[in-house]
Amino acid sequence: MRYTAIISMVILLTSCKNESSSDSLRNYFTYDQNNVESAGVKMISINTPAGKFKVWTKRFGNNPKIKVLLLHGGPAMTHEYMECFETFFQREGFEFYEYDQLGSYYSDQPKDSSLWTTERFVDEVEQVRKAINADKNNFYVLGNSWGGILAMEYALKYQKNMKGLLVSNMMASAPEYGQYADNVLAKQMKPEVLSEIKALEAKKDFSNPRYMELLLPNFYKEHLCRLKEWPDGLNRASKHVNGEIYTLMQGPSEFGISGRLAKWDIKNRLHEISVPTLMIGAKYDTMDPKAMEEQSKLVKKGRYLYCPNGSHLAMWDDQKIFMNGVIQFIHDVNDQKIE
């Protein structure tokens, strides 16, 4: 009888454990029981000075303690090149959101050029935060490249609504980035290649196929993504970039910023950011890794993550170090180990 009781208890506990696991998975993959489920995809309505529009978002997971919003680069690239976070963050049980900013491929693409300002994008992110029910107890913003500019600007205005900030591969000064591109990156090129690139730029002949023929092997493959075969998500994002917005804000050249962001510089304001912040730099990045390290010391609660084999998209070409560092940071903030 005693042996039977023990077996019954084991079966009961195992059954409860399986039921708990099943319930957990059911909750993780439940998005909206009141409407037709669409795998977490939701078009969020955004108010702008030019009217109402919708932006594309996709939610993964269900975790009231950790909600991460991914901000893609460009401006006007897409969420697609950030799909690599899906497996890593889902394994951790994070709730996170892929998101195409207004003007990007999967969101509305209005033609009013007055919309393409940093300030307007910051207010857009705040509206998205409200729509996903995130707050100071669970909201993390992770921005890469232009998304890093947006993330820092958002923190400067709305950090009261955040729990953590992650800036991936973006310096806090566009002029300093331009200097790094000219004084360091350009000088790493073969003189004859650089000369031809500069000649095309001087003529503003950016649509010339030769321009991309030179940039792809000599710049992008060295400093954007060093993988021999670029990931599918990056290829799709590259095809879907909104060139009109990209050129307006970033400028046509890859050697620094010459558009509306040309004079952007918030380096002397980083001390105002008091939420826990991770700055991520990489050896082969278009951004100076030493500047990224310095930025981690200028914010009040900073940490620096260095990717020795990575470039601008270290999330891909130095993936293990990048993802392990990002995940550890989020756990440490959640466990109040960074104060």
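## Basis of the model

The model is predicted, with local features requiring pLDDT of at least 70 and side-chain atom pairs counting only at pLDDT 80 or more, whereas totals for chains, interfaces and linings use all residues. Residues are numbered from 1 along each chain as its sequence is written, and side-chain values use heavy atoms, with hydrogens and water left out.

## The sheet

Eight strands form an open sheet with mixed pairing, in the order S1-S2-S4-S3-S5-S6-S7-S8. The edge strands, each pairing on one side only, are S1 and S8 (302-307). From one strand to the next, the twist averages 25°. Helices (H or I, at least four residues) and strands (E, at least two) are DSSP runs numbered from the N terminus; two strands pair if DSSP finds at least two bridges between them.

Strand S1 (residues 41-48) pairs with S2 (residues 51-60) in the antiparallel sense over eight bridges, and the two form a hairpin with two residues between them. Within this pair, Met 43 stands opposite Trp 56 in S2. Strand S7 (residues 277-282) pairs with S8 in the parallel sense over six bridges, and Met 279 stands opposite Tyr 304 in S8.

## Helices on the sheet

Helix H3 (residues 118-131) packs on the sheet, touching S1, S2, S3 (67-71), S4 (95-100) and S5 (139-144). The direction of H3 makes about 135° with that of S1. Contact means heavy atoms within 4.5 Å; axes are lines fitted to C-alpha atoms, for helices over the stretch in contact, and angles run from 0 to 180 degrees between N-to-C directions. Helix H10 lies across S6 (164-168), S7 and S8, and runs at about 160° to S8.

## The largest cavity

The lining residues, having an atom within 4 Å of a point, are Met 171, Ala 172, Ser 173, Glu 176, Lys 267, Ala 291, Glu 294 and Gln 295. Helix H10 (residues 289-298) provides the largest share, three residues.

## Leu 248

Leu 248 is found in helix H9 (residues 243-250). Because its relative accessibility is 29%, Leu 248 counts as partly exposed, a class between buried (under 20%) and exposed (over 50%), with a 1.4 Å probe and protein chains only. Leaving aside residues up to four places away in sequence, Leu 248 touches Ser 113, Trp 116, Gly 259 and Arg 260.

How values were computed:
On a 1 Å grid over the protein atoms alone, a cavity is a set of points where a 1.4 Å probe fits but cannot get out, and a pocket is an open set with protein on both sides within 12 Å along at least five of seven lines; lining residues have an atom within 4 Å of a point.
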